[in-house]
Amino acid sequence: MVSASSLVAAFYKQFPGAPAPAVYRAPGRVNLIGEHTDYSFGFVLPIALELACFTAAAPADGGMLRAFSVNLGQAREIAVADLAEARPARDWSDYVFGVAQQLVRAGYPVAGCNMLIHSTVPTGGGLSSSAALEVSTALALLDGGAIDKLELAKLCQRAEREFVGMPCGIMDQYISVFGRRGAAVKIDCRSLECEYAVLPEGVEIVAVNTMVKHELGSSAYRERVRECGEAVGVVQRHRREVTSLRDVGRAELDVWRSEMDPVVFRRAAHVTSEDERVEAFMEASRRGDRAEMGRLFVASHRSLQHDYQVSCEELDFLVDTAIGVPGVYGARMTGGGFGGCTVNLVEQEALAGFETSVGAAYRDRYGITPQFYRSKPAAGASRIG
Ligand code: ADP
Ligand code: MG
């Protein structure tokens with residue numbers, strides 16, 4: 001646990017003589033369902049986590065922007081005057097200075113500043129440590145200045161797309177900003193409106209970390225973005241108004257199947273069916289139908305595993321093991337895939353047994369102890385000190 005006071009103490013140690021810092025918190029997230037749909041402008045259903053990125057920041061003379069990551073024990077700096085034309089360094093500072101660059105380009109005043117960053121979100125674990133870092137440093141750089149919440153989320157997304165070079169959708173930044181305690185957030189990634197959903201009593205959300213991240217991840221992500229575009233191109237020949245897979249139902253896709261490359265068809269089959277599963281999950285949740293919620297989780301995983309092909313052996317093993325444990329309603333990979341976490345819906349009374357048996361099975365198979373994160377929907381980003 002990182003407290004505002006411990007962060008402030010670490011800040012003074014790193015930046016002796018600096019003025020008193022303000023402290024900001026921006027959460028990571030776990031996506032319940034609606035995977036790889038955001039960049040097709042579809043639906044997603046994440047919760048914000050207690051796990052978060054904390055940033056302590058105070059103004060500094062000399063026009064330098066300095067960032068220190070406690071997690072990495074590394075410092076980076078850039079002159080504010082150089083931000084507008086800055087090029088990525090291809091390391092973690094890109095998330096921070098990319099956000100600063102977007103703020104400058106959008107006309108927000110950015111001044112010299114010292115920042116100390118400490119995150120409890122595991123990095124590269126599919127719980128979106130990157131968006132947590134972007135949003136918490138954006139708030140720190142704004143130094144209490146007003147910004148529209150949606151503008152904040154979009155600006156951080158632009159930083160990741162344009163500066164980091166990851167063609168991501170809006171989900172991670174949106175939920176880090178708009179997360180709500182006690183509720184999942186159904187986001188319409190086209191209209192950018194959201195709806196809050198309270199899950200039935202007694203259903204616990206547990207993320208399980210494979211502790212692996214296969215290198216394939218970012219190139220495959222770009223490839224999937226391209227394949228979705230190719231599928232849209234085929235549908236557009238017949239319906240010109242279609243601009244993304246969001247506009248296409250799973251059943252309609254079959255009509256154009258013969259014109260599509262078989263691999264592209266399977267990618268589109270995932271996205272269109274996944275959008276429909278988000279709606280079905282919302283309905284099942286409203287009825288308190290835990291079995292159906294779990295069934296949709298597993299259907300989502302199979303679709304990601306076989307049609308979208310972004311899973312990996314370790315994720316499949318965790319899912320297959322979890323769904324064999326009594327009291328588990330469903331399990332699926334969450335986040336970009338190729339490692340990172342699964343998300344599990346578990347009956348409250350079964351939690352301890354779930355962790356023991358899944359942990360032991362994974363250790364036996366891979367010699368790695370997986371991390372478990374019992375996840376309650378937490379609030380979105382704010383100043384905390
Ligand atoms: P995810 O968002 O799923 O955790 P990403 O690959 O999108 O995975 O982002 C992880 C990257 O974000 C890290 O490799 C690092 O560059 C950066 N990052 C996240 N948190 C921190 C932190 N506390 N300090 C430094 N860099 C961080
Ligand atoms: Mg990320």
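Two strands count as paired if DSSP finds at least two bridges between them. Helices (H or I, at least four residues) and strands (E, at least two) are DSSP runs, numbered from the N terminus. Heads-up: this is a predicted model, where local features need pLDDT of at least 70, side-chain atom pairs count only at pLDDT 80 or more, and totals for chains, interfaces and linings use all residues. Residues are numbered from 1 along each chain as its sequence is written, and side-chain values use heavy atoms, with hydrogens and water left out.

Q: Which residue in the turn between S10 and S11 has a positive phi?
A: S10 (residues 328–333) and S11 pair antiparallel over five bridges. They make a hairpin with five residues between them. In that turn, the residue with a positive phi, about 90 degrees, is glycine 335.

Q: How many of the nine residues of S11 are buried?
A: Buried means under 20% relative accessible area (1.4 Å probe, protein chains only). Across the protein, 58% of the 385 residues are buried. Strand S11 (residues 339–347) is mostly covered, and its buried count is eight.

Q: What is the radius of gyration of the protein?
A: The fold has 11 helices and 13 strands. It's as compact as a globular protein of 385 residues, because the globule rule (2.2 Å times the number of residues to the power 0.38, against a radius over C-alpha atoms) gives 21 Å and the radius of gyration is close to that, at 21 Å.

Terms used. Chains lettered and ligands numbered in written order. Buried < 20%, exposed > 50% of the residue type's maximum accessible area, 1.4 Å probe, protein only.
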